[in-house]
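Q: I have a sequence and a 3D structure open. How do I read the features one by one?

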Amino acid sequence: MTKVLVFGASHVAQVSMAFYALRARNLLPPDLHLDFLSAPGPVIGRLKVAGPYLRLLEKLSKWPDPNFPTETFNLWYDQTQARLTAISGTDTLDLRTYDAVFYLGGQLLSQWRLIDKAHASGAYSTACLDQLCLDFISRSDFHRCLKQDDAGAESCRILSSFEPIHSELLPDYETFKPGLGRFATTHDLLRASAARMGYEILAFPMELLNEAGNAISVTYHNGKADDYGHLNPQGGSHILRTMLAAVPGLAAAGLPLLPFE
Amino acid sequence: MNPYENLHENSFWKLAVGAVAPEQINGLWTPKFPMVQSDRFVTYGSCFAQHIGRALKGRAFNWVNVEPAPQGMSDESQKKFNYGVFSSRTANIYTSTLLLQWTKWACGIDEVPDEVWQDNGRFYDPFRPAIEPGGFASIAEMRASQRVAITSFRKAIETADYFVFTMGLTESWFNAERGYEYPMCPGTVAGDFSPEIHTFVNQPFGQVLAAMTETIALMRGINAKIRFLLTVSPVPLTATKSGKHVLTATTYSKSVLRAVAGQLSDQIDCVDYFPSYEIIVAPVFGGKFYEPNRRGVTAQGVSFVMDSFFKCLTGAVQPVPRQTETAPEMTAAQRDQATRDALNCEEAVLEAYAQGRKR
């Protein structure tokens, strides 16, 4: 059996939907087992990897997001905690029990437009742009979660994925259209800077983007009128495929995408 | 009746200095111009100019940064990459002739020399050798950065109401073959020194005055309304190549700069001089504003200088010892920040060459 863990932001849910839909169609290797742990909203900031262990830090009395009531965040926290316990049997998950571990999200792409703007201006050196990326990464939930505070501790290899950017259906979103090439450049800068910090980030599936290179294509919108951040399961299957392609032995088998019906 | 009978109290040493506690001495500067917070200030010059820029920002004056760091960069990284140190990324401009050189580049009168310094596969700008930590990745990148800096410097001249310049040194290094000036002796921060090519010049009064006069004229040609506020850095030389003792070399250098600043201020309407130099250096203050190395200026000294600046600016100056309304003092947090914020000074690297010597 190949055991894989996918944890991180709320986007994990769409990856899990893709997985179960593919599994229902017998499109995945039968001995492939995936666990999913999704920490919605600011709860992702409470996930912490220390050594080879993943745990959930204590609940906050005040959450750093004014968009939802405290009760909502507390509920999300409790659900995340319950899921962690369901997977591990305790409040800590030993990552060494998996053949592959993936972290998804953590605001790695949240400031990509600022990086693009700085790069496109031509006013900054490559070292300066790298430093800008390092600064953004250093301030992200991604870094807070995965940074090993004890450099000498035994750790576990974790591969990461960028979270999807917003959908092109987002009302009043800018007409800023950098094109796929500029998005790819920013994406490469972030990946290279993260690599210098010791992180491995998978390539973002570019087929999710629209032609303007500024948003997720309408094809992968989740259909909810008030949600322009999350993918549909077909979009999730693209992210799942990039993850599974990085699991030794799985890529050669040819990984499917979830078909539209 | 004689000309001294009706002079202001500040004209008499006994009244203005001798009988007054040092910290109560005021009225050292009567601003020529009615500077207000909304005026656009740009700051350049030697290390001490950084204090002026920070103080202007700290007091909500309109300090203009025409070459900002990329949006979202941390304060620490901005400092590392020399953004926000001066109004554009010129690095320290220690001499008046170097200021003239930058101005001529900005005016398109002179081309930037094509000299590049290389070390371990990295490329260094001879005119800003420490501007990029670890140097540039390529010559093209270094040239692009030079172009941005020069364009930004011109923009600073075009947009400023006040060009604040802190004069730092008279000792300078030139390329003897091609006539241009380096901000630092080649071979110190970066580059290689060649005695056949690199020439030391300790600039006399006339050369400094001429360079400043030409610079002012050129800048007024770009921006007819621009005004100048000159200061002289109270920070002594780190090292001298003059052959003299570093203390007498410092006195010479600062005396020349102070005399030029005074003459320009007295003779040109658009130029004023603020005596930050006197406030730190004057014997009446007993050297108390210097750090134990007797060179660096303490945070207290910087605060005292800048408090004096803003008090004079807001018209809060009255004959001693009357108390009047004063400009807002720096907060404790601002003072702490000033202490923490080390200056970006290439010249300080020369201190390394004193290592291993006696004393």
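A: Let us begin with aromatic rings. This is a predicted model. Over all chains, the count comes to 40 aromatic pairs.

Q: How is a pair of aromatic rings described?

A: Two things describe the pair: the distance of the centres and the angle of the planes. Take Trp63(A) and Phe73(A). Their centres are 5.9 Å apart, with 50 degrees between the planes, and the pair is tilted.

Q: Where do Trp63(A) and Phe73(A) lie in chain A?

A: Trp63(A) is in the loop between strand E4 (53–56) and helix H2 (70–88). Phe73(A) is in helix H2 of chain A.

Q: Are Trp63(A) and Phe73(A) buried or exposed?

A: Both Trp63(A) and Phe73(A) are buried.

Q: Why is the pair of Phe142(A) and Tyr199(A) edge-to-face?

A: Look at the angle. The planes of Phe142(A) and Tyr199(A) stand at 65 degrees, so the pair is edge-to-face. The ring centres are 4.6 Å apart. This pair, too, links distant parts of the chain, 57 residues apart. Phe142(A) belongs to helix H5 (residues 141–146) of chain A. Tyr199(A) sits in the loop between helix H6 (180–196) and strand E8 (200–201) of chain A.

Q: Why do Phe142(A) and Tyr199(A) count as buried?

A: Read the relative accessibility. Buried means under 20%. Phe142(A) has 0%, so this residue is buried. Tyr199(A) has 11%, so this one is buried as well.

Q: Which residues do ring pairs link into a cluster?

A: Go to chain B. Ring pairs there link Tyr44(B), Trp102(B), Trp105(B), Trp117(B), Phe127(B), Phe153(B), Phe163(B), Tyr180(B), Tyr182(B) and Phe228(B).

Q: Which residue lies over the face of Tyr98(A), and which has its charged end over the ring of Phe200(B)?

A: Lys3(A) lies over the face of Tyr98(A), 4.6 Å from the ring centre. For Phe200(B), the residue is Lys241(B), with its charged end 5.9 Å from the centre of the ring.

Q: Now salt bridges. How many are there over all chains?

A: First the idea: side chains of opposite charge can pair when their charged atoms come close. The structure holds 18 salt bridges over all chains. In one of them, Asp116(A) meets Arg182(A) at 2.6 Å, N to O.

Q: Which parts does the pair of Asp116(A) and Arg182(A) tie together?

A: Asp116(A) lies in helix H3 (residues 112–121) and Arg182(A) in helix H6 of chain A, so the pair ties together parts 66 residues apart in sequence. Asp116(A) is buried, at 2% relative accessible area. Arg182(A) is partly exposed, at 32%.

Q: What joins Arg40(B) and Asp161(B)?

A: Their side chains meet in a salt bridge of 3.5 Å, N to O. Arg40(B) lies in strand E1 of chain B, and Asp161(B) lies in the loop between helix H5 (139–159) and strand E5 (162–167), so parts 121 residues apart in sequence are tied together. Arg40(B) is partly exposed at 37%, and Asp161(B) is partly exposed at 21%.

Q: Which residues are linked in a network of salt bridges?

A: Asp94(A), Arg96(A) and Glu154(A) are.

Q: What is the order of the five strands in the open sheet of chain B?

A: The order is E2-E1-E5-E9-E10, with parallel pairing. Strand E2 (62–63) and strand E10 (271–273) are the edge strands, and each pairs on one side only. Two bridges join strand E1 (residues 40–45) to E2(B). Phe41(B) has Trp63(B) as its bridge partner in E2(B).

Conventions
Residues are numbered from 1 along each chain as its sequence is written. Chains are lettered from A and ligands numbered from 1 in the order in which they are written. This is a predicted model: local features need pLDDT of at least 70, side-chain atom pairs count only at pLDDT 80 or more; totals for chains, interfaces and linings use all residues. Side-chain values use heavy atoms; hydrogens and water are left out. Rings of Phe, Tyr and Trp (its six-membered ring) pair if their centres lie within 6.5 Å; planes under 30 degrees apart count as stacked, over 60 as edge-to-face and the rest as tilted. Helices (H or I, at least four residues) and strands (E, at least two) are DSSP runs, numbered from the N terminus. Buried means under 20% relative accessible area, exposed over 50%, partly exposed in between (1.4 Å probe, protein chains only). A charge sits over a ring if NZ of Lys or CZ of Arg is within 6 Å of the ring centre and within 35 degrees of the ring normal. Two strands pair if DSSP finds at least two bridges between them. A salt bridge is a side-chain nitrogen of Lys or Arg within 4 Å of a carboxyl oxygen of Asp or Glu.
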